[in-house]
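Hello,

Here is the structure I promised to pass on. Please look it over, then read my notes below.

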Amino acid sequence: MAYLTKLQVIERANEQQQFWLICPAPLAQALEMHKGETIEWVVEDKWTLTVKRLTASAAKSKKGGAHGQR
């Protein structure tokens, strides 16, 4: 499964930049991610970025699951 997204940059008045990587909704749903969930970004090398949950409890799905098949 692959999803493309564009890197977004916000230019601040003091010449600082803020970068945003958007997680596409179908990917977030497949991973059962929830609003407010904390994730960790790990830089493996300049071509590989790993995203992982900090706690297992954050990954608990709601009753019915993402596709209602539980």
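**The largest pocket**

Its lining residues divide into 14 nonpolar, three polar and three charged. Here Ala, Val, Leu, Ile, Met, Phe, Trp, Tyr, Cys and Pro count as nonpolar, Asp, Glu, Lys and Arg as charged, and the others, Gly among them, as polar.

This is a predicted model: local features need pLDDT of at least 70, side-chain atom pairs count only at pLDDT 80 or more, and totals for chains, interfaces and linings use all residues. Numbering starts from 1 along each chain as its sequence is written, and side-chain values use heavy atoms, without hydrogens and water.

The largest pocket holds about 520 Å³ of space. A pocket is an open set of points on a 1 Å grid over the protein atoms alone, where a 1.4 Å probe fits, with protein on both sides within 12 Å along at least five of seven lines; lining residues have an atom within 4 Å of a point. Points are joined across faces, edges and corners, and the volume is the space filled by probe spheres set on them.

Of the 20 lining residues, Cys23, Leu27, Met33, Ile39 and Val51 are closest to the centre. β3 (39–45) and β4 (48–53) are the elements that give two or more residues. β4 gives the largest share, four residues. Strands are DSSP runs (E, at least two residues) and helices likewise (H or I, at least four), numbered from the N terminus.

**Two positive phi values**

Glu15 has a phi near 70°. Glu15 sits in the loop between β1 (7–11) and β2 (17–21). Glu32 has a phi of about 55°, and lies in the loop between α1 (25–30) and β3.

Best wishes
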